[in-house]
Amino acid sequence: MLKPISRFLLAVLLVFAVTACSPELKGQDPAKVKVDLVTEPSPVKTGEKAVVTAQITGLTTQEGARVQLDVRMADNSGLPELLDAKTSGDGNYSIEKTFDQPGKYAIYVHLYQGVLHITKKKVLDVS
């Protein structure tokens, strides 16, 4: 049986071990993270391949950031498509996509970095 002081020290040690290994991003304010959506070509046309780029600013560091774009019709008809974006290393994360039908698309930009997960919604018009 452990003495009370031993239990206390063991608890402190466990708390220290758990928090010391945490991948938490210190100093990152999610409200400062901004996302702009840029397409090439612009405007996007049905049946043509387009590059959709999420330009992310406001991160304290780009290190370890991963981005996925969730593409769906804005009226929620059809199934969403979750695509892993490739980075150019400067806060730009891109996918290539051919849109099958015209209309408004909701693009949810999911940013993952350590324990941080930020989602921003953008609307894209496809003619």
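A: Strands here are DSSP runs of E with at least two residues, and helices are runs of H or I with at least four, both numbered from the N terminus. This is a predicted model, in which local features need pLDDT of at least 70 and side-chain atom pairs count only at pLDDT 80 or more, while totals for chains, interfaces and linings use all residues. Residues are numbered from 1 along each chain as its sequence is written, and side-chain values use heavy atoms, with hydrogens and water left out.

Asp70 lies in strand 3, and at 9% relative accessibility Asp70 counts as buried (under 20% relative accessible area; exposed is over 50%, partly exposed in between, with a 1.4 Å probe and protein chains only). Its side chain makes a polar contact of 2.5 Å with the side chain of Arg72, where such a contact is a pair of N or O atoms within 3.5 Å, one able to donate a hydrogen and the other to accept it. Beyond four places in sequence, the residues in contact with Asp70 (heavy atoms within 4.5 Å) include Glu81, Ala106 and His110.

Arg72 in turn stands opposite Ala106 of strand 7, and strand 3 (residues 66–73) is joined antiparallel to strand 7 (residues 103–113) by 8 bridges; two strands pair if DSSP finds at least two bridges between them. Both belong to an open, antiparallel sheet of 4 strands in the order 4-3-7-8, whose edges are strand 4 (81–84) and strand 8 (116–126), each pairing on one side only.
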